[in-house]
Amino acid sequence: MSHPHPTREALQQEAAVRLATLQGKALSSRDRMAIPSQDMPSQSPDARRANMGEVALGYTAEQARLEALRCLQCKNAPCIDGCPVRIDIPAFVKAMAEGRDAEAIAIIRRNSLLPSVCGRVCPQEVQCQERCTVGKVLKSVDKAVSIGRLERYAADLERESGDFRLPPVKPETGKRVAVIGSGPASITVAADVRREGHAVTLFEAFHKPGGVLIYGIPEFRLPKTIVQQEIETLQAMGVELKTNFLVGRTRKLQDLIDKDGFDAVFVGTGAGLPKFMNIEGENLVGVFSANEYLTRANLMRAYDTGRADTPIFKSRKVAVLGGGNVAMDSARMAVRLGAQEVHLVYRRTEAEMPARVEEVGHAKEEGVLFHMLQNPCRILGNDFGLVTGMECLRYTLGEPDDSGRRRPVEIPGSEFVMEVDTVIVAIGNESNPLIRQTTPGLAVNRRGNLVVAPETGKTSIDRIYAGGDIVLGAATVILAMGEGRKAAASINALLATPVA
Amino acid sequence: MHKILSKEQLSDDVFLLRVEAALIAEERQPGQFVIVQVDNQFGERIPLTIADADPREGSITLVFQTVGKTTHKLADKPVGDSIESILGPLGRPTHIERFGTVVAVGGGIGVAPLYPIVQGMKKAGNKLIVIMGARNKSLIILEDRMRALADELIVCTDDGSHGRKCLVTEPLKELCGRSPKPDLCVAIGPPIMMKFCAETTRPFALRTLVSLNTIMVDGTGMCGGCRVTVGGETKFVCVDGPEFDGHLVDFDNMMRRLRAYKTHEEAAHHQCHLDSDLSRLRKEGHS
């Protein structure tokens with residue numbers, strides 16, 4: 001590292017000194033913009049390479065107050081337009097700037113059900129913070145007000161204080177709703193529907209609830225206790241949880257309505273079918289989907305080799321393919337599992353990477369080696385069927401494609417070999433075929449995602465709604481939550497209508 | 001929690017468990033399997049075939065060979081104890097119709113998943129010729145049950161200790177040469193056996209279904225760890241299978257993939273034995 005890693009205490013002290021100079025002063029916009037953007041305290045790269053603990057440690061009280069004071073309270077609040085669930089950002093930030101933290105979290109909770117989660121995993125730099133006036137004036141999105149970190153601070157404070165009050169649940173209506181999957185979309189629907197007094201059963205295929213928040217996102221980025229607590233909140237509200245239940249196989253989707261008497265169903269099963277590249281050598285031993293690699297490590301706890309029965313491949317040199325958050329998670333997990341070298345291979349440039357900027361930064365600090373404008377064209381193996389390397393091609397960027405990002409164009413004759421023993425494919429997910437294969441009449445698009453009415457989240461079958469990645473393709477936690485909110489409102493409206 | 005209702009040792013290392021699983025018993029069809037996890041904290045998830053089910057009692061029958069950590073733990077469980085997680089039924093059911101004459105080949109433990117398929121095929125009005133094979137007599141399982149269903153039963157062992165002394169491919173080849181030749185072959189057993197069954201039937205263009213048992217984590221399509229190459233394309237055993245056209249499966253690749261964690265597993269199992277030996281010694285007051 002070029003400069004020593006600042007400790008949490010140092011950052012706190014610096015903030016305390018600065019805060020003291022501002023105490024009791026009426027701040028102009030100029031004063032506010034002169035406050036330096038507060039760095040997130042984090043474990044030092046050397047320490048965290050060897051543990052699974054959370055990397056970002058969260059703001060101190062002084063830092064949170066100071067960061068909140070940077071907000072200009074813009075009348076037109078451009079940040080709200082950048083938030084998929086339209087949290088009243090200026091209002092909660094103002095409350096924090098004035099030390100009313102409990103009020104801040106109450107404001108956030110009006111729109112977001114999972115603030116501890118979203119404060120950690122939202123791509124704020126392309127949402128609320130991208131629109132922030134402070135960032136615009138200072139000509140860098142990095143200098144925008146750190147809305148996500150403030151959200152996390154407020155949510156953590158509430159959780160740690162134990163002062164969380166259960167959302168009120170209306171009297172029982174006698175109506176029953178099945179929610180399929182237990183990731184972010186489903187958690188949102190379960191809460192919103194239960195609040196109206198309807199009985200809710202959450203069906204999860206795995207042995208533990210939480211969906212991608214549990215099997216996919218690693219502990220070092222999102223501690224599992226936070227997710228467990230969200231699920232426990234639902235259970236305390238009266239939501240029933242059924243694990244090891246695969247809708248489509250254990251019970252058909254339509255049977256939940258026809259045989260089991262549910263009045264409505266929400267499908268939030270996620271994307272859940274890993275994409276591969278369809279290149280030679282992809283089924284060699286040592287090639288894994290990021291889903292498999294992360295599930296073994298996270299959900300099955302394979303990192304705990306002394307206790308876990310689930311094995312994980314022992315790797316020396318790892319290549320991770322892709323540029324999203326899942327690619328960063330996989331690469332950083334490989335570092336923690338003891339790989340000597342971890343290479344991240346992406347066919348565009350860093351500017352096009354969909355990963356959160358913070359995760360890219362963390363991955364680099366942890367020693368992940370980035371290789372841009374490269375992509376394998378085949379995976380090489382030995383006589384035992386084990387991976388020995390990848391033949392790669394170099395790329396250049398051409399005209400923008402449908403996604404608006406510049407299209408990678410391969411450079412003919414640029415082949416070269418990268419020696420690795422493990423390849424982790426993190427290029428996204430397709431929709432899982434199970435529900436559509438076992439539910440006649442359920443409309444899907446060309447990609448196999450469920451087709452829903454945009455305003456209501458209703459599928460082609462009455463009483464069946466859907467949202468999250470099964471509809472959107474691979475997206476984000478906050479978008480899944482937004483979709484869930486919408487579908488829950490439709491379900492509540494449906495169930496409020498007396499049967500004719 | 002799934003209570004163990006009964007337990008039978010079918011051979012040296014093959015066990016049968018009847019366990020409570022009402023929903024699975026109700027929905028399961030021939031060809032399907034379950035994912036079993038002994039404990040939810042640190043246990044692994046392994047696929048096991050469903051050998052039988054009783055929807056009225058709400059139970060399923062699992063038959064397994066003790067090969068790894070989880071299967072040993074399962075074998076050690078007494079009647080009345082429980083299995084924490086069972087997910088299923090998984091996989092696409094066997095396509096059952098009246099084909100005419102069906103040859104069903106079961107090798108070793110493969111006889112267990114073959115049994116419900118034979119049941120289904122018989123019920124659909126097919127003539128069933130069953131070939132069962134194992135290394136020796138003690139490893140032949142479910143012979144009486146198969147005999148009760150089959151129109152013709154051929155038992156073979158590698159060492160001749162029971163039935164014919166030959167590999168299952170020998171009677172299979174003879175049947176292919178019969179006129180009229182059989183209409184369908186279903187072969188389930190160790191990968192090497194399925195591979196050679198497929199090679200045996202290929203020259204006769206006898207359609208041959210095989211049921212693959214690969215490494216899985218979730219069993220729902222999410223991880224892709226179970227993928228195999230079938231006709232040059234990648235398929236997931238859990239959602240596209242477990243049954244595939246045996247003439248198109250790349251068995252060599254599949255067998256290599258099955259060995260992916262061998263060293264780790266052996267070490268884990270060795271440790272597990274050390275632990276249980278140690279705890280036995282402790283109980284006996286040796287340390």
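Tutor: **The interface of chain A and chain B**

Across the interface of chain A and chain B, five salt bridges are found, a salt bridge being a side-chain nitrogen of Lys or Arg within 4 Å of a carboxyl oxygen of Asp or Glu. One salt bridge joins the side chains of A:Arg251 and B:Glu26, at 3.0 Å from N to O.

The model is a predicted one, in which local features need pLDDT of at least 70 and side-chain atom pairs count only at pLDDT 80 or more, whereas totals for chains, interfaces and linings use all residues. Residues are numbered from 1 along each chain as its sequence is written, chains are lettered from A and ligands numbered from 1 in the order in which they are written, and side-chain values use heavy atoms, with hydrogens and water left out.

Between chain A and chain B there are also 23 residue pairs in polar contact, both residues at pLDDT 80 or more. A polar contact is a pair of N or O atoms within 3.5 Å; within protein, one must be able to donate a hydrogen and the other to accept it, and residues adjacent in sequence count only if both atoms are side-chain atoms.

Which elements of chain A supply this surface? Two or more residues each come from β5 (272-274), β6 (287-289) and α16 (290-297) of chain A. Helices (H or I, at least four residues) and strands (E, at least two) are DSSP runs, numbered from the N terminus. The largest share of the side of chain A that touches chain B is that of α16(A), with four residues.

By class, that side of chain A has 19 nonpolar, twelve polar and 14 charged residues. Here Ala, Val, Leu, Ile, Met, Phe, Trp, Tyr, Cys and Pro count as nonpolar, Asp, Glu, Lys and Arg as charged, and the others, Gly among them, as polar.

In terms of contact, meaning heavy atoms within 4.5 Å, 45 residues of chain A meet 45 residues of chain B. The size of an interface is often given as the accessible area lost when the parts come together. Chain A and chain B bury about 3,900 Å² between them, and carbon and sulfur atoms give 52% of that area. In chain A, the residues that lose the most area to chain B are A:Arg249, A:Asn283 and A:Asp309, together 21% of what that side buries. Buried area is the accessible area (1.4 Å probe) that two parts lose on being put together, summed over both.
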